[in-house]
Amino acid sequence: MRTSFPKEKLRVALLENIHPAAEEAFARDGFSVTCFPKGATGEELAAIADGATVLGIRSKSHVDPSTFGKLPRLLAVGCFCIGTNQVDLRRACAAGVPVFNSPFSNTRSVAELTVAEVVALMRRLIVKSEQMHRGVWDKSAEGAREVRGKVLGIVGYGHIGSQVSVLAEAMGMRVVYYDIVPRLPIGNARAARSLAELLSQADVVTLHVPATARTKGMIGAPEIGAMRTGVLLINNARGTIVDLPALAVGLRSGRLGGAAIDVFPDEPAENSEGFQSELRGVANVILTPHVGGSTAEAQEAIAHDVSGKLLRFINNGSTTGAVNVPEVELPEQGAGGAGGVGGVDQAVEPGDATPDTGVPRRHRILHFHRNVPGVLSKMHSIIADLGANIAAEYLQTNQDVGYVVLDVDPSDGEAILQRLRAIPETISVRMLW
């Protein structure tokens with residue numbers, strides 16, 4: 001009797017020094033895990049991930065459209081970070097490959113860094129530190145200010161922006177925020193009616209918006225000109241939001257009093273590469289190498305979050321948290337639970353049973369298909385023709401694909417798979433037990 005595909009033969013490839021908690025989670029669940037310290041793209045990535053069922057990356061690896069054709073066994077991609085721009089999400093969807101990320105696990109780390117930078121810039125700590133390193137003792141209060149009573153303008157009042165708001169108010173700052181989505185204020189924060197209104201009032205402006213066509217270059221020369229003289233600007237969000245040449249001009253002219261920048265339009269792919277920027281050497285500017293969420297706590301939380309989502313999809317079929325395919329939240333399989341996992345197009349023979357009860361397991365069919373009319377009826381007809389009973393059914397669709405999950409009473413699993421593969425609209429199909 002053949003059982004479901006052995007987990008130890010399902011390979012997980014983790015790149016870019018993902019926190020060990022992810023490797024431990026997959027290994028503990030019985031998967032074979034291979035870790036690689038660097039990022040990769042193109043042919044190199046395809047070679048590293050050859051035969052992989054799960055691919056885990058961070059921000060330096062790029063999964064382009066051609067990669068999916070070179071990795072036929074790939075079931076899911078995990079982005080162990082916030083962003084997913086490094087993956088061609090449309091092509092992944094067309095291939096029936098869910099992409100998961102961790103949009104909130106480093107929220108506190110970014111918020112804490114932002115507030116620390118507010119204090120550092122207000123007190124000109126970087127300038128003082130540089131002077132001391134050069135042997136200059138300048139015990140002067142010139143340019144140093146308290147944060148209490150100052151106005152913090154938060155652009156983007158989502159998870160990170162609202163956390164910054166809470167921390168800033170705790171230090172006595174007055175908070176005004178602007179978001180294109182109506183959001184309830186926390187504490188005494190007040191919503192601005194426009195970005196221009198916020199810029200005209202703030203002593204410090206901090207950005208917490210995603211990289212979109214709308215936010216690209218949203219802070220340029222006109223916006224800097226609309227700010228009050230001496231304003232501080234912080235960008236710990238995305239490198240495309242701020243026009244850096246315009247920012248450099250504003251800083252050198254004295255229009256702005258300082259800045260803290262953690263993200264850049266073009267960032268080195270490796271630590272060994274040099275860093276170039278118009279902001280190098282400008283006084284009272286904090287430059288950090290995209291480390292806003294790089295704390296031990298955040299990286300461990302991300303590892304647990306993304307590996308958990310990937311394991312639920314592989315073992316259970318749930319796509320909750322996927323950014324590119326329909327989200328389906330599934331219960332554990334009935335009649336014995338979900339003790340095993342089917343790999344790519346793997347099936348089981350009739351009669352397989354739950355080891356502890358001897359009760360035959362239900363098959364769970366996971367089917368991605370092109371979202372056109374009639375697919376579900378074709379699946380129902382196939383299963384009915386084979387004499388199987390559908391015990392439960394779950395379906396969600398987006399513009400391009402449908403994801404249907406069927407719990408089917410024990411039957412000839414291989415026959416079901418073969419017939420479902422033959423449906424012209426099928427993208428991928430696998431079976432759990």
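Which residue in β15 does Tyr-394 stand opposite? Tyr-394 faces Val-405 there. The two strands concerned, β14 (residues 390–397) and β15 (residues 401–408), pair in the antiparallel sense over seven bridges, where pairing requires that DSSP find at least two bridges between the strands. Three residues lie between β14 and β15 in the hairpin that they form.

The model is predicted: local features need pLDDT of at least 70, side-chain atom pairs count only at pLDDT 80 or more, and totals for chains, interfaces and linings use all residues. Residues are numbered from 1 along each chain as its sequence is written, and side-chain values use heavy atoms, with hydrogens and water left out.

The protein chain as a whole contains 13 helices and 16 strands; these are DSSP runs numbered from the N terminus, with at least four residues (H or I) for a helix and at least two (E) for a strand. Along its principal axes, the C-alpha trace spans about 85 × 45 × 40 Å. Of the 433 residues, 50% count as buried, that is, under 20% relative accessible area with a 1.4 Å probe and protein chains only, as against over 50% for exposed and in between for partly exposed.

Thr-206 belongs to strand β9 (residues 204–207). This residue counts as buried because its relative accessibility is 0%. Leaving aside residues up to four places away in sequence, Thr-206 touches Thr-114, Leu-152, Gly-153, Ile-154, Val-155, Val-164 and Ile-234, contact meaning heavy atoms within 4.5 Å.
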